[in-house]
Number of protein chains: 2
Amino acid sequence: MTSSDSSHRPPSGPKSQAKRAALTGRIADVMLAEGLAGIPLRDLAARLGTSDRMLLYYFEDKAELVQAAVAALAGRLDKVLETSRVSGRRPPAQVMRDTAAFLALPDLRPFRAVWADILARGGRGETPFAAIARAQIEGAIASLEEQLDLADAAERRRVAAAILAAIE
Amino acid sequence: MTSSDSSHRPPSGPKSQAKRAALTGRIADVMLAEGLAGIPLRDLAARLGTSDRMLLYYFEDKAELVQAAVAALAGRLDKVLETSRVSGRRPPAQVMRDTAAFLALPDLRPFRAVWADILARGGRGETPFAAIARAQIEGAIASLEEQLDLADAAERRRVAAAILAAIE
DNA sequence: TCCAAAATGTAGCATATGCTACGTTTCTAT
DNA sequence: ATAGAAACGTAGCATATGCTACATTTTGGA
């Protein structure tokens with residue numbers, strides 16, 4: 001009795017991990033549907049049929065929750081990317097066209113909204129979005145680098161960053 | 001003494017109107033620079049070297065303040081549009097290309113950010129952004145309608161809305 | 001000069017929100 | 001069956017934020 005929960009560190013058992021993962025997915029769903037990252041924990045919990053108390057039971061704090069949800073979204077995006085990926089290294093202009101075309105897909109509309117929201121908040125220094133934005137940008141650049149047929153690594157990185165900036 | 005301000009209706013004198021307009025412009029500047037519409041009144045006031053008390057002295061409430069600032073931004077955009085406007089009515093595809101090219105101008109980047117923010121918040125039902133978003137969309141459609149060389153008015157409106165949706 | 005209106009400061013209220021303390025119930029392993 | 005862990009509820013705190021009440025200072029016209 002009185003396990004003194006204290007609501008600190010989230011549970012670490014495998015069962016809990018699974019529930020946490022399921023929750024993360026549903027949170028990601030809400031983010032895609034409602035396009036918001038600044039939603040109050042109480043509202044978010046209500047949509048999920050639970051309580052803010054439970055969200056903070058499975059996640060350390062709101063920042064970690066958002067990070068997990070965004071990571072889940074990034075994972076989904078990667079999966080779509082896998083299937084529609086043009087394989088092999090190509091010249092910069094080609095990579096840029098392909099990427100722009102991919103991001104223009106109607107299915108990705110909600111992703112774009114969330115991505116834009118994160119970048120906006122991150123650019124404004126809001127925690128935890130600054131860190132998330134950096135990570136997302138880093139990942140995007142890495143993905144672009146892999147597709148470029150440039151010999152010099154530094155050059156690859158420069159061009160990848162340029163492509164990303166142009167597309168944004 | 002004790003003018004019983006009560007902080008309700010903003011002042012209506014011509015001097016006050018001028019000061020209010022100047023304030024509105026500076027608020028619009030902050031929005032362009034920081035790209036935010038959800039900034040707390042205290043923070044916004046601090047950036048302007050005044051107090052939240054003063055903002056609510058010149059504006060009825062935060063909603064009106066935001067509306068005024070967005071209106072100011074829309075006015076600036078219109079001015080840019082005037083100078084770079086392609087005159088006369090053109091076929092839909094042409095209008096769409098022109099509009100897309102115009103919106104892609106690098107100078108308009110901050111405007112796009114604010115516009116996107118407003119649409120996102122409006123789509124989510126947040127006040128006062130829902131109303132502002134509707135007004136902005138209405139204005140954009142009207143502007144597009146004027147440039148279309150279609151005879152039927154209903155058809156013009158339909159096509160204008162379609163162009164806007166495609167560009168968004 | 002004098003006074004009313006405009007402008008501004010200070011303090012605080014009501015609500016929202018992230019988070020915590022503390023309790024009870026439910027499950028699970030022995 | 002029972003003890004301990006896990007899961008969950010309830011209440012509340014601390015802070016942030018929009019906004020108001022009240023007081024004071026500043027200003028412009030008579």
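1. Burial in chain A. Buried residues make up 23% of the 168 residues in chain A. A residue is buried if 20 or more other C-beta atoms, placed from the backbone, lie within 10 Å of its own; 12 or fewer makes it exposed, and anything in between partly exposed.

2. Ground rules. This is a predicted model: local features need pLDDT of at least 70, side-chain atom pairs count only at pLDDT 80 or more, and totals for chains, interfaces and linings use all residues. Residues are numbered from 1 along each chain as its sequence is written, while chains are lettered from A and ligands numbered from 1 in the order in which they are written.

3. Overall build of chain A. Chain A has eight helices and zero strands. Its elements run α-α-α-α-α-α-α-α from the N terminus on. Helices (H or I, at least four residues) and strands (E, at least two) are DSSP runs, numbered from the N terminus. Along its principal axes, the C-alpha trace of chain A spans about 65 × 30 × 30 Å.

4. Contacts along the sequence. Take the contacts in chain A with a separation of 6 or more: residues 24 or more positions apart account for 58% of them. Two residues are in contact if their C-beta atoms, placed from the backbone, lie within 7 Å.

5. H1 and H4 of chain B. Helix H1 (residues 14-34) and helix H4 (residues 62-84) of chain B pack at an angle of about 80°, and their axes are 8 Å apart. H1(B) is therefore roughly perpendicular to H4(B). Axes are lines fitted to C-alpha atoms, for helices over the stretch in contact, and angles run from 0 to 180 degrees between N-to-C directions. Under 35 degrees counts as roughly parallel, over 145 as roughly antiparallel, 65 to 115 as roughly perpendicular and the rest as oblique. H1(B) brings B:Thr24, B:Gly25, B:Ile27, B:Ala28 and B:Met31 to this contact; H4(B) brings B:Leu65, B:Ala68, B:Ala69, B:Ala72 and B:Leu73. By class, that is eight nonpolar, two polar and no charged residues. Ala, Val, Leu, Ile, Met, Phe, Trp, Tyr, Cys and Pro count as nonpolar, Asp, Glu, Lys and Arg as charged, and the others, Gly among them, as polar.

6. H6 and H7 of chain B. H6(B) packs against helix H7 (residues 129-147) of chain B at an angle of about 120°, with the axes 7 Å apart. H6(B) and H7(B) are therefore oblique to each other. Residues of H6(B) in this contact include B:Ile118 and B:Leu119, which meet H7(B) residues, among them B:Phe129 and B:Ala130. The classes here are six nonpolar, three polar and one charged.

7. The cis bonds. A cis peptide bond joins A:Thr127 and A:Pro128, with omega about 0°. A:Pro128 lies in the loop between helix H6 (109-123) and helix H7 (129-147) of chain A. In chain B, the peptide bond from B:Thr127 to B:Pro128 is cis, with omega near 0°.

8. How the chains meet. Eight residues of chain B are in contact with eight residues of chain A. Helix H6 (residues 109-123) of chain B gives the most to its side, with four residues. That side has four nonpolar, one polar and three charged residues. The copies meet through the same surface, because 100% of the interface residues of chain B are also interface residues in chain A.
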